[in-house]
Amino acid sequence: MPALSIIIPVRNGGARLADCLAALVPGAVDGLLRQVIVVDGGSADASVGLARDMGADVIETEPGRGRQLAAGVSAAKHEWLLLLHADTVLEDRWVDAAHSHIRTHGQH
């Protein structure tokens, strides 16, 4: 079965991060989603604690979306990556779409 790591850069995104992370639960239940990495770029809000409380791996870096994404990609353990903004809330059927994409584009 394919395995997916999701990388989410954040900086003071706690207000929407909970919804973003909650929408990922179906992927974890399905077994596709194996790792969620939240890369914090110096938040002054509750983003880091929220991410940890919701089971994400947390990396703290200097601010800068490119730097944050690079740190997350470096820490990813699985062959498929999905990069999201912290305010992204995936639709209910995202797991089916991900499986379809993986079937179409093959395993690495």
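**Exercise 1. Determine the strand order of the open sheet and the sense of its pairing.**

Step 1. The model is predicted, so local features need pLDDT of at least 70 and side-chain atom pairs count only at pLDDT 80 or more, while totals for chains, interfaces and linings use all residues. Residues are numbered from 1 along each chain as its sequence is written, and side-chain values use heavy atoms, with hydrogens and water left out.

Step 2. Strands (E, at least two residues) and helices (H or I, at least four) are DSSP runs, numbered from the N terminus. Two strands pair if DSSP finds at least two bridges between them.

Step 3. The open sheet has four strands in the order S3-S2-S1-S4, and the pairing is parallel. S3 and strand S4 (80-83) are the edge strands, each pairing on one side only. From one strand to the next, the twist averages 25°.

**Exercise 2. Find which elements of the sheet helix H5 touches, and its angle to S4.**

Step 1. Contact means heavy atoms within 4.5 Å. Axes are lines fitted to C-alpha atoms, for helices over the stretch in contact, and angles between N-to-C directions run from 0 to 180 degrees.

Step 2. Helix H5 (residues 94-105) packs on the sheet and touches S1, S2 and S4. The direction of H5 makes about 135° with that of S4.

**Exercise 3. Count the bridges that S2 makes with S1 and with S3.**

Step 1. Strand S1 (residues 4-10) runs parallel to S2, joined by seven bridges. Ile 6 has Val 36 in S2 as its bridge partner.

Step 2. Strand S2 (residues 33-40) pairs with strand S3 (residues 57-60) in the parallel sense over four bridges. Opposite Val 39 stands Ile 59 in S3.

Step 3. A right-handed β-α-β unit is made by S2, helix H3 (residues 47-53) and S3. Right-handed means that, with the strands pointing away from the viewer, the path from the first strand over the helix to the second runs clockwise.
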